[in-house]
Amino acid sequence: MTTAAPLTVGSLLRTWRERRGLSQLELAGRADSSSRHISFVETGRSRPSEEMVLRLADHLEVPVRDRNALLVAAGYAPRYAHTPLGDPSMEVLREGLERLLTGYEPYPALVVDATYDVVAANRGILMLMEGLPEHLLAGPLNAMRLTLHPEGLAPRIRNLPEWRGHLLAQMERQIALARSAPLRALYEEVAAYPAPAATGPGADGPHGDGPHGRGSYEEEPYEAVAYLALPLRIEHDGHLLSFVSSISTFNTPMDVTVAELAIETLLPADPATVKYLRSLAP
């Protein structure tokens, strides 16, 4: 039996540099160093300072979680805490997120972690989830499963092929950046879901009633809109709603948990959606 050699800070940095497609010379230029020093660090001939590890990690866009691994491999203490969101010290953050989500109502908004588990959501999101089967709503809720599962929101999404492709491509980019095994497992799960053809009111294509089908909604006639981004076109209670998605993250996070949170807001993409959502507001 053989055991794998322990990962060194040099080998880890070389892996991240190669993932980013940079030469030693290019990285040295960005980090105000020399290609000789970068080579010595990668081969173990030189031990980088803590400041150099963090500088290289910054230029290599290494996720906060993995920056701790680089520091430990170099013989330094982790720099970034990993505090559970339910910890008392996170109370201000939790309250701030809740205020943000509530303030965005009646439009949908949610907060997810690094593997798209939902950590907070507002009433706009709960509205879109109405009628989903219990097995999908059993915690922890996962935004990708809820959206792409054939018993989830997928049959209600009238431009499902385009929206599914967008979500899978988004996950692929994140996997390339972070190389997260849990995220890869989630991607393989949801990518394997059968993609149902959208049918019924508002569906695009020859079998639906959308703009490329045979007709449109009786209550909310389809009106051509010059979308500025790929819209999510989803049915709710006989109405066709259109949203564009915006994702926000925290700037310069100092905690792994905070670094991996993302706030997604769904902005109404047409006047009919604005009118309908406001009509539901208490």
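Visitor: Okay. What kind of model is it?
Guide: This is a predicted model, where local features need pLDDT of at least 70, side-chain atom pairs count only at pLDDT 80 or more, and totals for chains, interfaces and linings use all residues. Residues are numbered from 1 along each chain as its sequence is written, and side-chain values use heavy atoms, with hydrogens and water left out.

Visitor: How many helices and strands does the protein have?
Guide: There are 13 helices and five strands. Both are DSSP runs numbered from the N terminus: helices are H or I with at least four residues, strands are E with at least two.

Visitor: And how much of the protein is buried?
Guide: Buried residues are 41% of the 282 residues. Buried means under 20% relative accessible area, exposed means over 50%, and partly exposed is in between, using a 1.4 Å probe and protein chains only.

Visitor: Which residues of helix α4 are buried?
Guide: In α4, residues 50–59, they are Met52, Val53, Leu54, Leu56 and Ala57.

Visitor: What do they pack against?
Guide: These buried residues of α4 pack against α1 (9–19), α2 (24–30), α3 (35–43) and α5 (64–73). Contact here means heavy atoms within 4.5 Å.

Visitor: New topic. How many salt bridges are there?
Guide: The count is seven. A salt bridge is a side-chain nitrogen of Lys or Arg within 4 Å of a carboxyl oxygen of Asp or Glu. One of them joins Glu42 and Arg17, at 2.6 Å from N to O. Glu42 is in helix α3 and Arg17 in helix α1, 25 residues apart.

Visitor: Are Glu42 and Arg17 buried or exposed?
Guide: Glu42 is buried, at 5% relative accessibility. Arg17 is buried too, at 9%.

Visitor: Give me another. Which residue does Arg79 bridge to?
Guide: Arg79 meets Glu50, at 3.3 Å from N to O. Arg79 is in the loop between α5 and α6 (91–104) and Glu50 is in helix α4, so the pair ties together parts 29 residues apart in sequence. Arg79 is partly exposed, at 40% relative accessibility. Glu50 is partly exposed as well, at 27%.

Visitor: What about Arg156, which has no salt bridge?
Guide: Arg156 is buried, and the nearest side chain of opposite charge, Glu235, is 5.3 Å away. For charge, Lys and Arg count as positive, Asp and Glu as negative, and His and the chain ends are not counted. Arg156 sits in the loop between α9 (143–148) and α10 (160–178).

Visitor: Which backbone oxygen does the side chain of Arg156 reach?
Guide: That of Leu128, at 3.0 Å.

Visitor: Now rings. How many aromatic pairs are there?
Guide: There is one. Tyr104 and Tyr107 form an edge-to-face pair, 5.8 Å centre to centre with 75 degrees between the planes. Rings of Phe, Tyr and Trp (its six-membered ring) pair if their centres lie within 6.5 Å; planes under 30 degrees apart are stacked, over 60 edge-to-face, the rest tilted. Tyr104 and Tyr107 are both buried.

Visitor: Where is the cis peptide bond?
Guide: It joins Glu105 and Pro106, with omega about 15 degrees. Pro106 is in the loop between α6 and β1.

Visitor: What else does Glu105 do with its side chain?
Guide: Glu105 forms a salt bridge with Arg123, at 2.8 Å from N to O.

Visitor: Which residues other than glycine have a positive phi?
Guide: Glu61 is one of them, at about 55 degrees. Tyr116 also has a positive value, near 65 degrees. Most residues other than glycine have a negative phi, and most peptide bonds are trans.

Visitor: Are Glu61 and Tyr116 buried or exposed?
Guide: Glu61 is exposed, with a relative accessible area of 52%. Tyr116 is buried, at 7% relative accessibility. Glu61 lies in the loop between α4 and α5, and Tyr116 in the loop between β1 and β2 (118–121).

Visitor: Last one. Where does Tyr193 lie?
Guide: Tyr193 is in the loop between α11 (181–191) and β3 (232–236). Its C-alpha atom is 6.9 Å from that of Pro150, although the two are 43 residues apart along the chain.

Definitions and conventions
A polar contact is a pair of N or O atoms within 3.5 Å; within protein, one must be able to donate a hydrogen and the other to accept it, and residues adjacent in sequence count only if both atoms are side-chain atoms.
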